[in-house]
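I opened my notebook to look up a few places in one protein chain. My entries follow the order in which I checked them.

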Amino acid sequence: RQKMFRRAPRTLHALARRPRQRLCSTVAGGSRPALTTPTEEQEMLVDSVSKFAQQHVLPHVAKMDADAKLEPEMLTNLFSEGLMGIEIPEKYGGAGMSFTDSILTIEELAKVDPAIAVIVDIQNTLINLAFLENGTEEIKEKWLPRLATDTLASFCLSESSAGSDAFSLKTTATPIDGGFRINGSKLWISNAAEAGVFVVFANADPSKGYKGITAFVVPRDAPGLIIGKKEDKLGIRASSTCEVVFDGVEVKNEDILGELGKGYKIAIETLNPGRIGIGAQMVGLARGTYDAAMRYILERKQFGKSVADFQGMQFAFAQADTDIEAARLLVLNAAALRESDQPYIKQAAMAKLKCAQVAQDVASKAVEWMGGVGFTKEYPCEKFYRDAKIGSIYEGTSNIHLQTIAKLIKSEYGY
(Lines give C-alpha, C1' and ligand atoms only; values in the text may rest on other atoms or scores of the structure.)
Protein backbone atom coordinates (compact mmCIF):
# COMPACT_ATOMS: atom_id res chain seq x y z
CA ARG A 1 0.00 0.00 0.00
CA GLN A 2 2.89 2.37 0.75
CA LYS A 3 4.15 1.91 -2.79
CA MET A 4 0.73 2.82 -4.15
CA PHE A 5 0.57 5.85 -1.88
CA ARG A 6 3.84 7.20 -3.23
CA ARG A 7 2.46 7.01 -6.75
CA ALA A 8 -0.43 9.34 -5.96
CA PRO A 9 -0.09 12.87 -7.41
CA ARG A 10 1.72 15.55 -5.49
CA THR A 11 -0.77 18.27 -6.39
CA LEU A 12 -3.87 16.66 -4.89
CA HIS A 13 -2.03 15.43 -1.79
CA ALA A 14 -0.54 18.88 -1.26
CA LEU A 15 -4.02 20.37 -1.48
CA ALA A 16 -5.40 17.73 0.87
CA ARG A 17 -2.86 18.64 3.56
CA ARG A 18 -3.86 22.31 3.57
CA PRO A 19 -6.49 23.49 6.13
CA ARG A 20 -9.91 22.54 4.77
CA GLN A 21 -12.50 25.19 3.95
CA ARG A 22 -15.89 24.80 2.38
CA LEU A 23 -16.70 26.09 -1.08
CA CYS A 24 -19.10 28.54 0.60
CA SER A 25 -16.73 29.79 3.29
CA THR A 26 -17.74 33.11 4.85
CA VAL A 27 -16.52 36.13 2.93
CA ALA A 28 -15.05 39.32 4.40
CA GLY A 29 -17.42 41.33 6.52
CA GLY A 30 -19.38 38.30 7.73
CA SER A 31 -21.89 38.51 4.87
CA ARG A 32 -23.65 35.39 3.63
CA PRO A 33 -21.25 33.35 1.48
CA ALA A 34 -21.69 32.69 -2.23
CA LEU A 35 -22.05 29.06 -3.24
CA THR A 36 -19.96 29.74 -6.32
CA THR A 37 -17.00 31.21 -4.42
CA PRO A 38 -14.31 28.51 -4.28
CA THR A 39 -11.63 28.24 -1.66
CA GLU A 40 -8.02 28.81 -2.65
CA GLU A 41 -7.49 25.05 -2.65
CA GLN A 42 -10.48 24.50 -4.92
CA GLU A 43 -9.25 27.15 -7.35
CA MET A 44 -5.97 25.26 -7.54
CA LEU A 45 -7.80 21.97 -8.00
CA VAL A 46 -9.97 23.29 -10.83
CA ASP A 47 -6.95 24.85 -12.52
CA SER A 48 -5.05 21.57 -12.25
CA VAL A 49 -7.95 19.53 -13.65
CA SER A 50 -8.48 22.03 -16.47
CA LYS A 51 -4.84 21.79 -17.52
CA PHE A 52 -4.99 18.01 -17.34
CA ALA A 53 -8.11 17.94 -19.51
CA GLN A 54 -6.57 20.21 -22.13
CA GLN A 55 -3.29 18.31 -22.28
CA HIS A 56 -4.33 14.69 -21.82
CA VAL A 57 -8.01 14.44 -22.77
CA LEU A 58 -8.78 16.99 -25.50
CA PRO A 59 -6.28 15.59 -28.06
CA HIS A 60 -8.03 12.20 -27.92
CA VAL A 61 -11.71 13.19 -27.71
CA ALA A 62 -12.62 12.84 -31.40
CA LYS A 63 -10.82 9.51 -31.84
CA MET A 64 -12.24 8.00 -28.67
CA ASP A 65 -15.72 9.05 -29.76
CA ALA A 66 -15.27 7.60 -33.26
CA ASP A 67 -13.72 4.36 -32.00
CA ALA A 68 -16.06 4.08 -29.01
CA LYS A 69 -13.22 3.18 -26.68
CA LEU A 70 -10.67 4.78 -24.39
CA GLU A 71 -7.18 5.59 -25.43
CA PRO A 72 -4.91 3.02 -23.74
CA GLU A 73 -3.16 5.55 -21.53
CA MET A 74 -6.30 7.44 -20.44
CA LEU A 75 -7.05 5.45 -17.31
CA THR A 76 -3.39 5.44 -16.31
CA ASN A 77 -3.33 9.22 -16.59
CA LEU A 78 -6.54 9.63 -14.60
CA PHE A 79 -5.14 7.51 -11.78
CA SER A 80 -1.73 9.18 -11.92
CA GLU A 81 -3.39 12.58 -11.59
CA GLY A 82 -5.25 11.37 -8.50
CA LEU A 83 -8.69 11.92 -10.00
CA MET A 84 -10.03 8.46 -9.18
CA GLY A 85 -9.68 8.60 -5.40
CA ILE A 86 -10.56 12.17 -4.49
CA GLU A 87 -12.43 11.40 -1.25
CA ILE A 88 -10.50 8.26 -0.33
CA PRO A 89 -8.46 9.03 2.81
CA GLU A 90 -4.74 9.45 2.41
CA LYS A 91 -4.05 6.40 4.57
CA TYR A 92 -5.56 4.31 1.75
CA GLY A 93 -3.66 6.16 -0.99
CA GLY A 94 -6.32 8.69 -1.92
CA ALA A 95 -6.33 12.48 -1.85
CA GLY A 96 -8.53 12.80 1.25
CA MET A 97 -10.52 15.68 -0.18
CA SER A 98 -14.22 16.56 -0.12
CA PHE A 99 -17.39 15.61 -2.00
CA THR A 100 -17.56 19.11 -3.46
CA ASP A 101 -14.01 18.66 -4.74
CA SER A 102 -15.22 15.57 -6.61
CA ILE A 103 -18.13 17.57 -8.04
CA LEU A 104 -15.85 20.38 -9.25
CA THR A 105 -13.53 17.84 -10.87
CA ILE A 106 -16.38 16.12 -12.72
CA GLU A 107 -17.71 19.45 -13.96
CA GLU A 108 -14.32 20.57 -15.23
CA LEU A 109 -13.65 17.32 -17.10
CA ALA A 110 -17.11 17.40 -18.69
CA LYS A 111 -16.33 20.74 -20.31
CA VAL A 112 -13.88 18.81 -22.49
CA ASP A 113 -15.35 15.29 -22.63
CA PRO A 114 -18.45 14.15 -20.71
CA ALA A 115 -17.44 10.52 -21.37
CA ILE A 116 -14.26 10.90 -19.33
CA ALA A 117 -16.18 12.88 -16.71
CA VAL A 118 -18.66 10.05 -16.13
CA ILE A 119 -15.83 7.54 -15.64
CA VAL A 120 -14.44 9.75 -12.89
CA ASP A 121 -17.94 10.41 -11.55
CA ILE A 122 -18.86 6.75 -11.14
CA GLN A 123 -15.58 5.95 -9.42
CA ASN A 124 -15.83 8.83 -6.96
CA THR A 125 -19.53 9.37 -6.24
CA LEU A 126 -20.74 5.77 -6.46
CA ILE A 127 -18.01 3.20 -5.97
CA ASN A 128 -15.62 4.89 -3.57
CA LEU A 129 -18.43 6.17 -1.37
CA ALA A 130 -20.05 2.73 -1.29
CA PHE A 131 -16.78 1.20 -0.04
CA LEU A 132 -16.05 4.02 2.40
CA GLU A 133 -19.49 4.06 3.97
CA ASN A 134 -20.27 0.33 3.95
CA GLY A 135 -17.07 -1.66 3.73
CA THR A 136 -15.48 -3.55 6.59
CA GLU A 137 -11.94 -2.52 7.45
CA GLU A 138 -10.74 -5.64 5.65
CA ILE A 139 -12.58 -4.62 2.46
CA LYS A 140 -11.32 -1.05 2.76
CA GLU A 141 -7.71 -2.12 3.19
CA LYS A 142 -7.97 -4.53 0.28
CA TRP A 143 -9.76 -2.35 -2.25
CA LEU A 144 -9.50 1.37 -1.46
CA PRO A 145 -5.76 1.63 -2.25
CA ARG A 146 -6.45 -0.04 -5.60
CA LEU A 147 -9.49 2.11 -6.35
CA ALA A 148 -7.36 5.19 -5.68
CA THR A 149 -4.37 4.15 -7.76
CA ASP A 150 -5.01 1.57 -10.48
CA THR A 151 -8.39 -0.22 -10.47
CA LEU A 152 -11.56 0.96 -12.19
CA ALA A 153 -14.85 -0.33 -10.78
CA SER A 154 -18.42 -0.87 -11.96
CA PHE A 155 -21.77 -0.55 -10.18
CA CYS A 156 -23.92 -3.54 -11.20
CA LEU A 157 -27.57 -2.82 -10.40
CA SER A 158 -29.62 -2.56 -13.62
CA GLU A 159 -31.07 -5.57 -15.43
CA SER A 160 -33.29 -6.13 -18.45
CA SER A 161 -36.38 -6.17 -16.21
CA ALA A 162 -34.99 -3.86 -13.55
CA GLY A 163 -34.37 -0.37 -14.86
CA SER A 164 -36.34 2.33 -13.06
CA ASP A 165 -37.85 -0.49 -11.00
CA ALA A 166 -34.35 -1.41 -9.85
CA PHE A 167 -35.38 -3.59 -6.92
CA SER A 168 -37.24 -6.07 -9.12
CA LEU A 169 -33.85 -7.50 -10.07
CA LYS A 170 -33.64 -11.24 -10.81
CA THR A 171 -29.95 -11.90 -10.10
CA THR A 172 -29.69 -14.30 -7.16
CA ALA A 173 -27.08 -15.08 -4.54
CA THR A 174 -27.68 -18.62 -3.30
CA PRO A 175 -26.10 -19.48 0.08
CA ILE A 176 -23.30 -22.05 -0.01
CA ASP A 177 -20.77 -23.15 2.57
CA GLY A 178 -18.86 -20.02 3.60
CA GLY A 179 -20.46 -17.72 1.05
CA PHE A 180 -22.82 -17.36 -1.91
CA ARG A 181 -23.13 -18.39 -5.55
CA ILE A 182 -24.28 -15.56 -7.84
CA ASN A 183 -26.30 -16.23 -11.00
CA GLY A 184 -27.85 -13.69 -13.32
CA SER A 185 -26.98 -10.89 -15.69
CA LYS A 186 -26.73 -7.12 -15.54
CA LEU A 187 -27.27 -4.67 -18.39
CA TRP A 188 -26.10 -1.12 -19.17
CA ILE A 189 -23.14 -1.40 -16.80
CA SER A 190 -20.82 1.59 -17.18
CA ASN A 191 -17.04 1.04 -17.15
CA ALA A 192 -17.54 -2.73 -17.39
CA ALA A 193 -15.07 -3.29 -20.25
CA GLU A 194 -12.17 -1.89 -18.21
CA ALA A 195 -13.29 -2.57 -14.63
CA GLY A 196 -11.19 -4.65 -12.27
CA VAL A 197 -13.86 -5.02 -9.59
CA PHE A 198 -17.65 -4.95 -9.52
CA VAL A 199 -20.18 -4.01 -6.85
CA VAL A 200 -22.95 -6.50 -7.60
CA PHE A 201 -26.50 -6.38 -6.28
CA ALA A 202 -28.14 -9.80 -6.00
CA ASN A 203 -31.05 -11.19 -4.01
CA ALA A 204 -29.86 -13.59 -1.31
CA ASP A 205 -33.42 -14.32 -0.13
CA PRO A 206 -36.08 -13.72 -2.81
CA SER A 207 -38.82 -14.61 -0.29
CA LYS A 208 -38.12 -11.28 1.40
CA GLY A 209 -38.48 -9.27 -1.79
CA TYR A 210 -36.23 -6.22 -2.01
CA LYS A 211 -35.14 -6.80 1.60
CA GLY A 212 -33.21 -9.82 0.40
CA ILE A 213 -31.03 -7.73 -1.90
CA THR A 214 -27.37 -7.76 -0.87
CA ALA A 215 -24.31 -6.00 -2.29
CA PHE A 216 -21.21 -8.08 -3.05
CA VAL A 217 -17.67 -7.15 -4.05
CA VAL A 218 -16.65 -9.31 -7.01
CA PRO A 219 -13.20 -9.14 -8.67
CA ARG A 220 -13.00 -9.28 -12.45
CA ASP A 221 -11.07 -12.54 -12.46
CA ALA A 222 -13.75 -14.42 -10.48
CA PRO A 223 -14.59 -17.67 -12.35
CA GLY A 224 -17.96 -17.33 -14.06
CA LEU A 225 -17.87 -13.55 -14.43
CA ILE A 226 -18.28 -12.75 -18.14
CA ILE A 227 -18.23 -9.36 -19.84
CA GLY A 228 -20.92 -9.57 -22.51
CA LYS A 229 -22.09 -7.32 -25.31
CA LYS A 230 -20.75 -3.79 -25.43
CA GLU A 231 -23.46 -1.31 -26.39
CA ASP A 232 -23.02 0.89 -29.48
CA LYS A 233 -24.27 4.17 -28.05
CA LEU A 234 -25.43 7.56 -29.27
CA GLY A 235 -23.16 9.50 -26.92
CA ILE A 236 -20.50 9.28 -24.19
CA ARG A 237 -19.02 6.63 -26.44
CA ALA A 238 -15.57 6.46 -24.84
CA SER A 239 -17.24 5.22 -21.66
CA SER A 240 -17.95 1.51 -22.05
CA THR A 241 -21.44 0.17 -21.33
CA CYS A 242 -21.74 -3.62 -21.30
CA GLU A 243 -23.72 -6.62 -20.20
CA VAL A 244 -22.13 -8.45 -17.27
CA VAL A 245 -23.03 -12.13 -16.76
CA PHE A 246 -22.63 -14.05 -13.50
CA ASP A 247 -22.60 -17.78 -14.16
CA GLY A 248 -22.18 -19.47 -10.80
CA VAL A 249 -19.78 -16.86 -9.46
CA GLU A 250 -18.78 -17.81 -5.91
CA VAL A 251 -18.06 -15.17 -3.30
CA LYS A 252 -17.19 -15.43 0.37
CA ASN A 253 -19.18 -14.05 3.28
CA GLU A 254 -16.49 -11.44 3.81
CA ASP A 255 -17.16 -10.13 0.28
CA ILE A 256 -20.53 -8.76 1.37
CA LEU A 257 -20.54 -4.97 1.23
CA GLY A 258 -22.49 -3.71 4.21
CA GLU A 259 -24.97 -6.14 5.75
CA LEU A 260 -26.82 -9.13 4.38
CA GLY A 261 -30.17 -7.97 3.02
CA LYS A 262 -29.25 -4.28 3.16
CA GLY A 263 -28.19 -3.91 -0.47
CA TYR A 264 -31.27 -1.89 -1.31
CA LYS A 265 -30.26 0.72 1.26
CA ILE A 266 -26.72 0.86 -0.12
CA ALA A 267 -28.09 1.36 -3.64
CA ILE A 268 -30.39 4.20 -2.57
CA GLU A 269 -27.83 5.91 -0.36
CA THR A 270 -25.16 5.65 -3.05
CA LEU A 271 -27.29 6.80 -5.97
CA ASN A 272 -28.34 10.02 -4.23
CA PRO A 273 -24.84 11.58 -4.22
CA GLY A 274 -24.28 9.99 -7.63
CA ARG A 275 -27.09 12.09 -9.00
CA ILE A 276 -25.34 15.24 -7.86
CA GLY A 277 -22.31 13.99 -9.77
CA ILE A 278 -24.33 13.55 -12.95
CA GLY A 279 -25.73 17.03 -12.43
CA ALA A 280 -22.15 18.32 -12.36
CA GLN A 281 -21.37 16.38 -15.52
CA MET A 282 -24.35 17.97 -17.28
CA VAL A 283 -23.36 21.47 -16.09
CA GLY A 284 -19.84 20.94 -17.42
CA LEU A 285 -21.23 19.67 -20.71
CA ALA A 286 -23.51 22.69 -21.04
CA ARG A 287 -20.63 25.05 -20.30
CA GLY A 288 -18.32 23.26 -22.73
CA THR A 289 -20.72 23.44 -25.66
CA TYR A 290 -21.73 27.01 -24.75
CA ASP A 291 -18.10 28.19 -24.72
CA ALA A 292 -17.40 26.56 -28.08
CA ALA A 293 -20.46 28.15 -29.67
CA MET A 294 -19.80 31.57 -28.14
CA ARG A 295 -16.25 31.70 -29.47
CA TYR A 296 -17.60 30.92 -32.92
CA ILE A 297 -20.47 33.43 -33.01
CA LEU A 298 -18.28 36.21 -31.61
CA GLU A 299 -15.88 35.79 -34.52
CA ARG A 300 -18.35 34.85 -37.26
CA LYS A 301 -19.41 37.82 -39.41
CA GLN A 302 -22.71 38.09 -41.30
CA PHE A 303 -24.29 41.20 -42.80
CA GLY A 304 -21.22 43.17 -41.81
CA LYS A 305 -21.16 42.41 -38.08
CA SER A 306 -20.57 39.66 -35.57
CA VAL A 307 -23.37 37.12 -35.28
CA ALA A 308 -23.26 37.76 -31.51
CA ASP A 309 -24.19 41.41 -32.11
CA PHE A 310 -27.69 40.57 -33.35
CA GLN A 311 -30.29 41.17 -30.65
CA GLY A 312 -32.10 37.89 -31.24
CA MET A 313 -28.84 36.01 -30.72
CA GLN A 314 -28.01 38.05 -27.62
CA PHE A 315 -31.32 37.10 -26.04
CA ALA A 316 -30.59 33.45 -26.76
CA PHE A 317 -27.08 33.28 -25.33
CA ALA A 318 -28.02 35.44 -22.32
CA GLN A 319 -30.82 33.00 -21.48
CA ALA A 320 -28.55 29.99 -21.93
CA ASP A 321 -25.90 31.42 -19.63
CA THR A 322 -28.56 32.17 -17.02
CA ASP A 323 -29.85 28.60 -17.22
CA ILE A 324 -26.35 27.14 -16.81
CA GLU A 325 -25.70 29.32 -13.77
CA ALA A 326 -29.01 28.29 -12.20
CA ALA A 327 -28.30 24.61 -12.82
CA ARG A 328 -24.82 24.92 -11.32
CA LEU A 329 -26.25 26.51 -8.19
CA LEU A 330 -28.59 23.53 -7.75
CA VAL A 331 -25.60 21.20 -7.92
CA LEU A 332 -23.45 23.18 -5.50
CA ASN A 333 -26.33 23.57 -3.07
CA ALA A 334 -27.07 19.82 -3.07
CA ALA A 335 -23.37 19.10 -2.54
CA ALA A 336 -23.18 21.59 0.34
CA LEU A 337 -26.22 20.06 2.00
CA ARG A 338 -24.70 16.60 1.77
CA GLU A 339 -21.39 17.75 3.21
CA SER A 340 -23.16 19.41 6.14
CA ASP A 341 -25.21 16.26 6.88
CA GLN A 342 -28.51 17.92 6.05
CA PRO A 343 -31.35 16.32 4.06
CA TYR A 344 -30.54 16.60 0.37
CA ILE A 345 -32.47 13.89 -1.52
CA LYS A 346 -34.96 16.39 -2.96
CA GLN A 347 -32.19 18.81 -3.92
CA ALA A 348 -30.15 16.02 -5.52
CA ALA A 349 -33.14 14.99 -7.62
CA MET A 350 -33.82 18.60 -8.59
CA ALA A 351 -30.18 19.12 -9.57
CA LYS A 352 -30.04 15.99 -11.72
CA LEU A 353 -33.40 16.79 -13.35
CA LYS A 354 -32.70 20.44 -14.13
CA CYS A 355 -29.09 19.98 -15.20
CA ALA A 356 -30.09 17.30 -17.70
CA GLN A 357 -32.75 19.61 -19.13
CA VAL A 358 -30.36 22.55 -19.36
CA ALA A 359 -27.61 20.48 -20.96
CA GLN A 360 -29.91 19.18 -23.68
CA ASP A 361 -31.38 22.61 -24.35
CA VAL A 362 -28.04 24.46 -24.47
CA ALA A 363 -26.38 21.73 -26.56
CA SER A 364 -29.21 21.88 -29.08
CA LYS A 365 -29.11 25.66 -29.30
CA ALA A 366 -25.32 25.68 -29.64
CA VAL A 367 -25.58 23.54 -32.78
CA GLU A 368 -28.16 25.97 -34.20
CA TRP A 369 -26.11 29.07 -33.36
CA MET A 370 -23.18 27.69 -35.32
CA GLY A 371 -25.29 26.92 -38.36
CA GLY A 372 -24.05 24.32 -40.80
CA VAL A 373 -20.68 23.79 -39.14
CA GLY A 374 -22.43 23.02 -35.86
CA PHE A 375 -23.91 19.96 -37.53
CA THR A 376 -20.50 18.59 -38.43
CA LYS A 377 -17.91 16.66 -36.45
CA GLU A 378 -15.32 19.33 -37.20
CA TYR A 379 -16.62 21.27 -34.18
CA PRO A 380 -17.35 19.87 -30.70
CA CYS A 381 -20.98 20.98 -30.39
CA GLU A 382 -22.26 18.01 -32.37
CA LYS A 383 -20.70 15.59 -29.90
CA PHE A 384 -21.90 17.54 -26.86
CA TYR A 385 -25.40 17.39 -28.37
CA ARG A 386 -25.24 13.58 -28.56
CA ASP A 387 -23.67 13.27 -25.13
CA ALA A 388 -26.35 15.39 -23.48
CA LYS A 389 -29.23 12.97 -24.05
CA ILE A 390 -28.05 10.43 -21.50
CA GLY A 391 -28.52 12.95 -18.70
CA SER A 392 -32.28 12.37 -18.64
CA ILE A 393 -31.86 8.59 -18.64
CA TYR A 394 -29.13 7.22 -16.38
CA GLU A 395 -28.97 7.35 -12.58
CA GLY A 396 -32.72 7.86 -12.58
CA THR A 397 -34.85 9.05 -15.49
CA SER A 398 -36.30 12.53 -15.41
CA ASN A 399 -39.76 11.15 -14.61
CA ILE A 400 -38.38 9.19 -11.67
CA HIS A 401 -36.83 12.37 -10.31
CA LEU A 402 -40.07 14.27 -10.78
CA GLN A 403 -41.82 11.49 -8.87
CA THR A 404 -39.24 11.71 -6.06
CA ILE A 405 -39.56 15.49 -5.85
CA ALA A 406 -43.37 15.31 -5.84
CA LYS A 407 -43.36 12.70 -3.06
CA LEU A 408 -41.10 14.85 -0.90
CA ILE A 409 -43.17 17.97 -1.57
CA LYS A 410 -46.30 16.13 -0.41
CA SER A 411 -44.53 15.05 2.77
CA GLU A 412 -43.58 18.68 3.44
CA TYR A 413 -47.29 19.49 3.43
CA GLY A 414 -48.09 16.60 5.74
CA TYR A 415 -49.36 14.17 3.11
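This is a predicted model: local features need pLDDT of at least 70, side-chain atom pairs count only at pLDDT 80 or more; totals for chains, interfaces and linings use all residues.

**Entry 1: a loop residue**

I found I236 in the loop between β6 and β7 (241-252). Residues are numbered from 1 along each chain as its sequence is written, and side-chain values use heavy atoms, with hydrogens and water left out.

Is I236 buried or exposed? I236 counts as buried because its relative accessible area is 5%. Buried means under 20% relative accessible area, exposed means over 50%, and partly exposed lies in between (1.4 Å probe, protein chains only). I also looked up the phi of I236 and found a positive value near 35°. I236 is a residue other than glycine. Most residues other than glycine have a negative phi.

**Entry 2: another positive phi**

I went on to D341. Its phi is also positive, near 60°, and D341 is not a glycine. D341 sits in the loop between α10 (311-339) and α11 (345-369). Is D341 buried or exposed? D341 is exposed, because its relative accessible area is 73%.

**Entry 3: the end of a strand**

I turned to K230. K230 belongs to strand β6, which covers residues 225-230. Its relative accessibility is 36%, so K230 counts as partly exposed.

Which residues does K230 contact, leaving aside neighbours within four places in sequence? I listed A68, K69, S240, T241 and C242. Contact means heavy atoms within 4.5 Å. I then checked A68 again: the side chain of K230 reaches the backbone oxygen of A68 at 2.5 Å. I also took the C-alpha to C-alpha distance from K230 to S190, which is 9.9 Å. These two residues are 40 apart in sequence.

**Entry 4: two places in helix α9**

I looked at A267 in helix α9, which spans residues 263-299. A267 has a relative accessible area of 0%, so A267 is buried. Setting aside residues up to four places away in sequence, A267 touches F155, L157, F167 and F201. I checked one of these, L157, by its C-alpha atom: the separation from A267 is 8.0 Å. Along the chain, A267 and L157 are 110 residues apart.

G274 is in helix α9 too. At 0% relative accessibility, G274 counts as buried. What does G274 touch, not counting residues up to four places away in sequence? I wrote down D121, T125, L126 and E395.

**Entry 5: a tyrosine in a loop**

I found Y210 in the loop between β4 (197-203) and β5 (213-219). Y210 counts as partly exposed because its relative accessibility is 40%. Y210 touches F167 and Y264, with residues up to four places away in sequence not counted. I compared Y210 with A293: they are 83 residues apart in sequence and 47 Å apart in space, C-alpha to C-alpha.

**Entry 6: the chain as a whole**

I finished with totals. How many helices and strands does the protein chain have? I noted 13 helices and 10 strands. Of its 415 residues, 52% count as buried.

The radius of gyration of the chain is 22 Å, which agrees with a compact globule of 415 residues, because such a globule would have a value near 22 Å. This radius is taken over C-alpha atoms, and the globule rule is 2.2 Å times the number of residues to the power 0.38. Along the principal axes, the C-alpha atoms fill a box of roughly 80 × 55 × 45 Å.

Last, I looked at contacts between residues at least 6 apart in sequence. In the protein chain, 73% of these join residues at least 24 apart.

Methods
Helices (H or I, at least four residues) and strands (E, at least two) are DSSP runs, numbered from the N terminus. A polar contact is a pair of N or O atoms within 3.5 Å; within protein, one must be able to donate a hydrogen and the other to accept it, and residues adjacent in sequence count only if both atoms are side-chain atoms.
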